[in-house]
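Work through the exercises below with the model open. Each task is followed by a worked solution.

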Amino acid sequence: MANTILPSTVTIVEMGPRDGLQNEASVSLEDKIMLINDLSKTGLSHIESGSFVSPKWVPQMADSAQVFGKIARSPNVIYSALTPNMSGLEQAMAARVDQVAIFTSASEGFCQHNINCSIADSLKRFAPVMRRAMNNNIRVRGYLSCVVDCPYDGQTQPDHVAAVAKALFDLGCYEISLGDTIGTGTPVRVAQMLSAVQSQVPTSQLAVHFHDTWGQAIANIYQALTMGINVIDSSVAGLGGCPYAAGSSGNVATEDVLYLCHGLGIHTGVDLNALAQVGQDICHKLNRVPSSKVSQALNA
Ligand code: HMG
Ligand code: MG
């Protein structure tokens, strides 16, 4: 079968230490460092490693400065963190973070619950963060949540996703990661959303971020690949969820994305077996089995 419509390479942005562990109450500093150090040896090129957010809102990430201070950094890996405001950026710079990310939502309800402001106010808040980051040669990624559905507002209109994605792009984000935060998307709705966004933001500047709550993430990723998207966020062992989206499960498992991509002949640069072992190890620490089907099959 001809394979020409699919990208030849995909970049994985590993979410486990941030989106994964932000949902875990009791992970020690040592285990976080071990996870990032082990992930750094699998061929990944970008690991989101923490958040500089209010510790009252997400206490699980309160030790991010210590994490960044103690990891063994590989020169081949970008270690990034979330920064919702100027205070977060200052802390991230002090911790020598390689890259930061700002985050807002395509729906008002989630924006209020997640960062305590409207979408418009979030964009105003990000403008000085962006300027200061750019002045310090720090690249800024932008996350857009609830691009398909919102747990508070229901369905999100594709045109609205496109408008907020364009606003993040115009602010200066080098890449916009489109988040199906509650994992309800299915391929046709994802395609409608993506084509609306692609009319406003170049495809080369887009990434997809699927949570796998309804088991649709791999189907949605395949859809995105056929539309030229070649940056995929995923989480080792499928760890995680969002504290402000009740019932939302973790990101799509990195193992599952690697198996899909490699099976399609797409180069990722990541060693599936090595990464699956890292997933087994962190799950052992968390006293559970990886939610990844691929990991379970490899381990059978
Ligand atoms: P606020 O309460 O409106 O902010 O929260 P504030 O400026 O009034 O500050 C309140 C307190 O927080 C103050 O402390 C500040 O100093 C402190 P107090 O005076 O009360 O002692 N504070 C901070 N402390 C540390 N670091 C900071 C910081 N900023 C303020 N950066 C705020 C607004 C944005 C801070 C808050 O809502 C927040 O931290 N939200 C983060 C929520 C979060 O991390 N959610 C999960 C990540 S997003 C996600 O998972 C979705 C994603 O994966 C994509 C997808 O799946 O859709 C990215
Ligand atoms: Mg997420």
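**Exercise 1. How many disulfides does the rule give?**
Start with the rule: a disulfide is a pair of cysteine sulfur atoms within 2.5 Å. The count is 0 disulfides. Check C117: it is in no disulfide, and the nearest cysteine sulfur, in C111, is 4.7 Å away. Next, C146: its closest cysteine sulfur, in C150, is 4.3 Å away, too far for a bond.

This is a predicted model, where local features need pLDDT of at least 70, side-chain atom pairs need 80 or more, and totals for chains, interfaces and linings use all residues. Residues are numbered from 1 along each chain as its sequence is written, chains are lettered from A and ligands numbered from 1 in the order written, and side-chain values use heavy atoms, without hydrogens or water.

**Exercise 2. Are C117 and C146 buried or exposed?**
Apply the cut-offs: buried is under 20% relative accessible area, exposed over 50%, partly exposed in between (1.4 Å probe, protein chains only). C117 has 5%, so C117 is buried. C146 has 0%, so C146 is buried too.
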